[in-house]
Amino acid sequence: MSAPPRHLVLWLPDWPVRAALGAPPGDEPVAVVQANTVVACSASARAQGVRRGQRRRLAQTCSPGLRILSADPLQEQRMFLPVLRLLEELVPGVQPLRPGLIALRARGAARYYGGEEQAAQHLIDALAEHTHPGSRAGVADGLFTAEQAARLADPVRVVPPGGSRDLLAPLPVQVLADEQITALLTKLGVRTLADFAALEVAHVRDRLGERGVRLHDLAAGADSRPLTPQKPEPQLAREIVFDSPLAQAEQVAFAVRQTADAVTAALAGLSQVCTEVRIDLTDDDGGVSSRVWMHPTSFEASDLVDRVRWQLEGMAAAFAETERVGAGILEVRITPTRVDDSAHHQPGLFGQGPEQRLHHAVSRVQALLGHRGVVTPQVTGGRRLAERQLFQPWGDKTPHERDAASPWPGSLPPPHPSEVFVPPVPARVTAADGTAPTVDERGALSAPPAVIEDAPVLSWAGPWPLRERAWDAGRSRTAQRFQIVDESQRAWLVLWEDGAWWAEGRYR
């Protein structure tokens, strides 16, 4: 049985500060702020008490001379590209985990440079020679352990095979970077990774689900996340230029079939498949319609043709809304933007599993019905329950959810109602004297609710204000939210809005 692969992680501390300054931070205290919260700071700022997660005002209290810079993720990525190019010249298979953090397989580099520690030190020296001093490196069995070793290194720390659990044991659970679960663990008295790893897996699964089991594995040093080396991107894009503009979507789809075949053939020659693609449509007016498409598994040529057709149909719908005459298409360009090893997408030895068959079946139905013909439900951000329900076309990228540590102001905390009324339905809520209670502008209730939907009220809570678009007088909305339990143990989520009571949801 072969030994598990070893991983080498390079960490460039305080990368957001370096990217914002355009150079390594000096002695000046500097903090990078996003949404009024410190997301990174220099060593001199930390020496004065500034920490990640602090509010801006508190950080300035700790360091009156603190220089505040705004976070710019795009700038961080742009500044990081030269670092990646430098490392790719020295070792193959470099994979950026995020700006400032790089991973690679340790075996090849260790053989070339004479050992894991020697390889890590060589890369650190190369970065220092190219204006990136102070880098650190960690080598371990798993990526998570190697990253923690890099953060503890001075400047290199090599964790021996099988020693991940010993390195991780004294670390706080906060290094798992899951604020919701780590906050719960802290409340339960589980403060270190050793404490967490000592818990029974079955108990962790019952209380925290599969997400908690994954973190439990990390805490125990069982980091099974595979590292997919990032290979230099070959020229995989293909395009077709028409002699005369084509106005019909079916004409373009038929003509682009060979181009789609060429894309998949180029990928197959490299033993890769495409999971994300960008399609650019250029019309005879010089306009370009560009859209990125994702696939639940991987694109085949027919899938690429379908995406071209759907994008053309979307353009036609947009022209119809603006009463603009649709332009003919002169050029179609298909560019794979995310690829994966084809071995990860091969069917099983005894046939495809249920999930794979589902992907094929649903994709075929979508090809017949159109892009929005097959949708999947998603939960997104929002204050009202109806707004949090989103139906996303099959295969499209899921919208980013708002950080759980900073939820939508006025949103309902869990548990949520099992039944949501879309739109909210009128609710009969009355006080003891038979009149409907009212709520004034200050949130004061005229009388306690005594009956809801002809059932006596057992208990109630509220009101909780719900204010939206206060900056726009024409679109602003204000409501008061209540939870009411009736005598038959039915729990209701109701709103007082526009002088009336509305049922937003019901708990089962």
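pLDDT is the predictor's confidence in each residue, from 0 to 100. This is a predicted model, in which local features need pLDDT of at least 70, side-chain atom pairs count only at pLDDT 80 or more, and totals for chains, interfaces and linings use all residues. Residues are numbered from 1 along each chain as its sequence is written, and side-chain values use heavy atoms, with hydrogens and water left out.

**View 1. Confidence along the chain, by pLDDT.** The mean pLDDT of the chain is 81, and 86% of the residues reach at least 70. Helices (H or I, at least four residues) and strands (E, at least two) are DSSP runs, numbered from the N terminus. Where pLDDT is low, the predicted coordinates should not be read in detail.

View 2. Of its 508 residues, 41% count as buried. Buried means under 20% relative accessible area, exposed over 50%, and partly exposed in between (1.4 Å probe, protein chains only). Among contacts between residues at least 6 apart in sequence, 55% join residues at least 24 apart.

**View 3. Helix α9 against helix α11.** Helix α9 (residues 179-187) packs on helix α11 (residues 201-219) at an angle of about 100°, with the axes 11 Å apart. That makes α9 roughly perpendicular to α11, a term for angles of 65 to 115 degrees; under 35 is roughly parallel, over 145 roughly antiparallel and the rest oblique. Axes are lines fitted to C-alpha atoms, for helices over the stretch in contact, and angles run from 0 to 180 degrees between N-to-C directions. From α9, Q180, I181, L184 and L185 meet R207, L208, R211, G212 and L215 of α11. By class, this contact has five nonpolar, two polar and two charged residues. Ala, Val, Leu, Ile, Met, Phe, Trp, Tyr, Cys and Pro count as nonpolar, Asp, Glu, Lys and Arg as charged, and the others, Gly among them, as polar.

**View 4. The three-stranded sheet.** This open sheet runs β3-β2-β4, with mixed pairing. Two strands pair if DSSP finds at least two bridges between them. Strands β3 (37-41) and β4 (67-70) are the edges, each pairing on one side only. The twist averages 40° from one strand to the next. Strand β2 (residues 30-34) pairs with β3 in the antiparallel sense over four bridges. A31 stands opposite C41 in β3.

**View 5. The seven-stranded sheet and Q480.** The order of this open, antiparallel sheet is β15-β21-β20-β19-β18-β17-β16. β15 (419-426) and β16 (429-430) each have a single partner strand, so one side of each is left without a neighbour in the sheet. Strand β18 (residues 455-468) and β19 pair in the antiparallel sense over nine bridges. W460 stands opposite I484 in β19. Q480 lies in β19 (residues 477-486). Q480 is buried, at 6% relative accessible area. Beyond four places in sequence, the contacts of Q480 include W464, P465 and W496.

**View 6. A447 in its loop.** A447 sits in the loop between β16 and β17 (451-452). A447 is partly exposed, at 22% relative accessibility. Leaving aside neighbours within four places in sequence, A447 is in contact with A431 and P437. P437 is 10 residues from A447 in sequence and 5.4 Å away in space, C-alpha to C-alpha.

Terms used:
Contact = heavy atoms within 4.5 Å.
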